[in-house]
Amino acid sequence: MKNWKEEIKKEKDWFQKCLLITSFHTLEQSKRENIRNHKWTIKDTARELELSIGYVSESLRIVVSGINVEKLTRDAALKLLKK
């Protein structure tokens, strides 16, 4: 079984970290897709990975946006998303 928390903690590249967080979140959502009254949320991901809800939310937004931000800093990518 993959240790997502450790893998994310070790990752130095901010964009790769965003991809890992998004992969974990999506995987957990898919596991609970057809379970009534038990949807996987950003709050659940944050709790499991011991990250803030805001950090997880921003990471998901960066990846889902589809904008090529790999070469930017995280701050620059977030500013670009706000436009």
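The model is a predicted one, in which local features need pLDDT of at least 70 and side-chain atom pairs count only at pLDDT 80 or more, while totals for chains, interfaces and linings use all residues. Residues are numbered from 1 along each chain as its sequence is written, and side-chain values use heavy atoms, with hydrogens and water left out.

I will start with helix 5. When I say helix, I mean a DSSP run of H or I with at least four residues, and a strand would be a run of E with at least two; both are numbered from the N terminus. Helix 5 covers residues 74-82. Which of its residues are buried? They are Arg74, Ala77, Leu78 and Leu81. Buried here means under 20% relative accessible area, exposed means over 50%, and partly exposed is in between, with a 1.4 Å probe and protein chains only.

Why do the buried residues of helix 5 line one face? Seen down the helix axis, they fall within an arc of 95°, so they line one face of the helix. The arc is taken from the directions that run from the helix axis to the C-beta atoms. On the face turned away from the buried side sit Asp75, Lys79 and Lys82, which are exposed. The buried residues of helix 5 pack against helix 2, residues 14-31, and helix 4, residues 53-65. Contact, for this talk, means heavy atoms within 4.5 Å.

One more residue of helix 5 is Leu80. Leu80 is partly exposed, at a relative accessible area of 35%. Leaving aside neighbours within four places in sequence, Leu80 is in contact with Ile67, Val69 and Leu72. From Leu80 to His38 it is 42 residues in sequence and 34 Å in space, C-alpha to C-alpha.

Next, helix 2 and helix 4. Two packed helices are described by the angle between their axes and the distance between the axes. In this model, the axes of helix 2 and helix 4 come within 9 Å and cross at roughly 100°. The axes are lines fitted to C-alpha atoms, for helices over the stretch in contact, and the angles run from 0 to 180 degrees between N-to-C directions. Helix 2 and helix 4 are therefore roughly perpendicular to each other. The cut-offs are under 35 degrees for roughly parallel, over 145 for roughly antiparallel, 65 to 115 for roughly perpendicular, and oblique for the rest.

Which residues make this contact? Helix 2 gives Trp14, Phe15, Lys17, Cys18, Leu19, Ile21, Thr22 and His25, and helix 4 gives Tyr55, Val56, Ser59, Leu60, Ile62 and Val63. They divide into 10 nonpolar, 3 polar and 1 charged. Nonpolar covers Ala, Val, Leu, Ile, Met, Phe, Trp, Tyr, Cys and Pro; charged covers Asp, Glu, Lys and Arg; the others, Gly among them, are polar.

Take Phe15 of helix 2. Phe15 is buried, with a relative accessible area of 10%. Apart from neighbours within four places in sequence, Phe15 is in contact with Ile62, Val69 and Glu70.

Now the salt bridges. How many does a search of the whole structure find? There are 4. A salt bridge is a side-chain nitrogen of Lys or Arg within 4 Å of a carboxyl oxygen of Asp or Glu. I will go through some of them.

One joins the side chains of Glu50 and Lys5, at 3.1 Å from N to O. Glu50 lies in the loop between helix 3 (42-49) and helix 4, and Lys5 in helix 1 (residues 4-10), so the pair ties together parts that are 45 residues apart in sequence. Glu50 is exposed at 58% relative accessible area, and Lys5 is partly exposed at 27%.

Glu50 has another feature. Most residues other than glycine have a negative phi. Glu50 has a positive phi of about 55°, although it is not a glycine.

Another salt bridge joins the side chains of Glu58 and Arg74, at 3.4 Å from N to O. This pair links distant parts of the chain, with Glu58 in helix 4 and Arg74 in helix 5, 16 residues apart. Glu58 is partly exposed at 28%, whereas Arg74 counts as buried at 13%.

Last, Glu28 and Lys31 meet through their side chains in a salt bridge, 3.1 Å from N to O. Both are in helix 2, 3 residues apart, which separates them by about one helical turn. Glu28 is buried at 8%, and Lys31 is partly exposed at 48%.
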